[in-house]
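This briefing is for a reader who is new to the structure shown below. Please look it over before reading the notes.

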Amino acid sequence: MATSFEVIVSQDDVDATYAAQAAEAVFAEVDRLEEELSRFRSTSDIARLSSLKAGETLAVSLAVWDCLHLAKTVHEETQGAFDITIGPLMQLWRSGEGHLIEPDAERLAQARHSIGSHLFELHEDGCKVTVHADRMLFDLGAVGKGYALDQAVQILQDWSITRAFLNAGDSTLLALQPPSGEDAWGITLAEGSREMQLKEQALSGSGFMVKGAHIMNPRTLTPVALQEKRSYALAPTAALSDALSTAFMIMSPEEITALCERNPGIQWLEVSH
């Protein structure tokens, strides 16, 4: 997942040794999910999906199926602003050093045939996935780390830990119950200009912390123009906030407001650098 994970436990009936053991169990689960969800692992189901030809079907793990189902749902809810199949665009619009380049028109036209979440179909029976295009490239980078945090909560619950704070690369945070005597977990956004309180909620941020074309617009198949802002999404789960923060970089304020009104558990924050 190309990021670091942090677990903070603050619970009166849990000593440091027990908390450290629980954290190790969380990290072991994250490592396991990395093997399943990363397209850079040649044996992962995601990598195997990307090798399928049109019409072929693959049975995948429950974790992969869950992520694909969420990705497809968010794709529909955001009218295509979120799409996990835009990997070919990253290869076309970026040089090896990560700089923005103008792609060859013929190659871009060819890539269009393998991009779009409508091109894969999910079958709940047997956790199977059917692709309807050749050379599709699945990338769970915008949902995987959030999903890993959600699964980490299950591990902590198995260890009877309810007061904890989880962090994936400072871009996706998940707060459980706060320490005793506190109303919530206090955080400071990346820009350092805003403090927030989190409790039993996830927060994810997307934006341009570095130069380069790293956010693609699935609607136009072009890079998102460099913006002096970051979009944050608050949601009940980390996987959902992870996906939505990316989509919010594409969507208009009116679209985002309408989405939040349809889904009361979701909130949007936009912060300038």
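This is a predicted model: local features need pLDDT of at least 70, side-chain atom pairs count only at pLDDT 80 or more; totals for chains, interfaces and linings use all residues.

Residues are numbered from 1 along each chain as its sequence is written, and side-chain values use heavy atoms, with hydrogens and water left out. Helices (H or I, at least four residues) and strands (E, at least two) are DSSP runs, numbered from the N terminus.

**Helix 6**

- Helix 6 covers residues 144-158, which is 15 residues.
- From its first C-alpha to its last, helix 6 reaches 21 Å, close to the 21 Å expected at 1.5 Å a residue; the expected span is 1.5 Å times one less than the number of residues.
- Eleven of the 15 residues of helix 6 are buried, so the rest of the structure largely encloses this helix. Buried means under 20% relative accessible area, exposed over 50%, and partly exposed in between (1.4 Å probe, protein chains only).
- Among the buried residues of helix 6 are Gly144, Tyr147, Leu149, Asp150 and Leu156.
- The cover over these buried residues includes strand 1 (5-9), helix 1 (16-37), helix 3 (62-77), strand 5 (164-168), strand 6 (172-175) and helix 7 (238-248). Contact means heavy atoms within 4.5 Å.

**Helix 1 against helix 3**

- Helix 1 and helix 3 pack at an angle of about 70 degrees, with their axes 9 Å apart. Axes are lines fitted to C-alpha atoms, for helices over the stretch in contact, and angles run from 0 to 180 degrees between N-to-C directions.
- The two helices, helix 1 and helix 3, are therefore roughly perpendicular to each other, a term for angles of 65 to 115 degrees.
- Leu33, Glu36 and Leu37 of helix 1 meet Ala63, Val64 and Cys67 of helix 3.
- By class, this contact between helix 1 and helix 3 has five nonpolar residues, no polar ones and one charged residue. Ala, Val, Leu, Ile, Met, Phe, Trp, Tyr, Cys and Pro count as nonpolar, Asp, Glu, Lys and Arg as charged, and the others, Gly among them, as polar.

**Loop residues with positive phi**

- Most residues other than glycine have a negative phi.
- Cys127 has a positive phi, near 50 degrees, and lies in the loop between strand 3 (120-123) and strand 4 (128-131).
- At 17% relative accessibility, Cys127 counts as buried.
- Ser160 follows helix 6 and has a positive phi, near 60 degrees; the loop that holds Ser160 is between helix 6 and strand 5.
- At 52% relative accessibility, Ser160 counts as exposed.

Key: Angles under 35 degrees count as roughly parallel, over 145 as roughly antiparallel, 65 to 115 as roughly perpendicular and the rest as oblique.
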